Amino acid sequence: MEKETLLTNKYIIYAAFSLLIAASLFFAAKIITEIKSYRYIGGGVLASNAISVSGEGEVFAVPDIATIIFSAASQGKTVAMAQKEASKKIDAALAFLKNSGISDKDIKTTNYSAHPRYEYNEVVCLSLNCPRPGKQTLVGYDVMQTISVKARDTDKVGAILEGLAKAGITEISGPNFSIDDEEKLKAEARKYAIADAKEKAAALAGDLGVSLVRIISFSEAGNYPIYYAKALESAGGNGGDVLAPEIPKGENKISSNVTITYEIR
């Protein structure tokens, strides 16, 4: 009996020892994993052990898209009558655009509105018990339709403005020049900005007598394109002799500003 008890205790001690070793290995592996992830994320670097540099990159490109917005407005005693008059101008403008080679996918209605128009009539009253001083009277309806069109041949912009004016369109805004594939240019500008920042970091590390270890943070400011293209604010006419205006496209500048922080030693 005593021998069996000793044997049982031996197994218990062996099992406890094995469990302790397994637990130690588990926690050791977890600690190592945490240290590695901590290292790669960039934590644990004191502010005194880091430097930050900024870089700027710019690219220039000639715009390849011009957006023109135009509206047709009309009035009538009923919505149908007002719409009929507006549709005449819109249909004429759309026919011109399609004959000019503008694709259907580049023409879309951005706004349509129809609302009543009132006139306020004053009431002259000389007695003490006067009714309301006046009243609103429905006199008709106003209708407006707004169209946005993209011209992918920017050399035709002047002719498009001329044609819209001859079609009876009197409210025209634009053109607004832009670039179809801006993301590609933004990526190119970002590469220049990163290269600029790296060059500055290497020079600064040399001046400070320190070594660059690794990048611990990166940020980029919003790189919105800056338009240098001259745009016509408005154009229009009554369908008479309208000359095609000259529309300089100029260049668009797309810039990127980045900040890179390095661990140093």
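Which residue caps the N-terminal end of α4?

Reply: Asp-181 caps the N-terminal end of α4, with a side-chain oxygen 3.5 Å from the backbone nitrogen of Lys-184. This is a polar contact, that is, a pair of N or O atoms within 3.5 Å, of which, within protein, one must be able to donate a hydrogen and the other to accept it; residues adjacent in sequence count only if both atoms are side-chain atoms.

Some conventions come before the detail. The model is predicted, so local features need pLDDT of at least 70 and side-chain atom pairs count only at pLDDT 80 or more, while totals for chains, interfaces and linings use all residues. Residues are numbered from 1 along each chain as its sequence is written, and side-chain values use heavy atoms, with hydrogens and water left out.

Helix α4 covers residues 182-208, which is 27 residues. From its first C-alpha to its last, α4 reaches 39 Å, close to the 39 Å expected at 1.5 Å a residue; the expected span is 1.5 Å times one less than the number of residues. Glu-182, Leu-185, Lys-186, Ala-189, Ala-193, Ala-197, Ala-201 and Ala-205 are buried in α4, where buried means under 20% relative accessible area (1.4 Å probe, protein chains only). After α4 comes Gly-209, which has a positive phi near 75°.

The buried residues of α2 are Ala-82, Gln-83, Ala-86, Ile-90, Ala-93 and Leu-97. Gly-101, with a positive phi near 90°, follows α2.

Ser-74 is buried, with a relative accessible area of 10%, and its side chain reaches the backbone nitrogen of Ala-86 at 3.2 Å. Beyond four places in sequence, the residues that Ser-74 touches include Ala-82, Gln-83 and Val-143, a contact being heavy atoms within 4.5 Å. Ser-74 and Val-143 are 69 residues apart in sequence, yet their C-alpha atoms are 5.5 Å apart.

The largest nonpolar core has 21 residues, and those touching the most other members are Ile-68, Phe-70, Leu-97 and Leu-164. Such a core is a set of buried Ala, Val, Leu, Ile, Met, Phe, Trp, Tyr and Cys residues joined through side-chain atoms within 4.5 Å. The elements giving two or more residues to this core are β2, α2, β4 (134-151), α3 (157-166) and β5 (171-178). Apart from this core lies another, of nine residues, among them Val-53, Val-258, Ile-260 and Tyr-262.

Strand β9 (residues 252-264) contains Glu-263, which counts as buried at 14% relative accessibility. The side chains of Glu-263 and Arg-214 are joined by a polar contact of 2.6 Å.

The whole protein has four helices and nine strands; these are DSSP runs, of H or I over at least four residues for helices and of E over at least two for strands, numbered from the N terminus. The average pLDDT (the predictor's confidence in each residue, from 0 to 100) is 80, and 68% of the residues score at least 70. Over residues 37-42 the pLDDT is below 50, and it stays under 50 over residues 229-240. Where pLDDT is low, the predicted coordinates should not be read in detail.

Notes
Buried means under 20% relative accessible area, exposed over 50%, partly exposed in between (1.4 Å probe, protein chains only).
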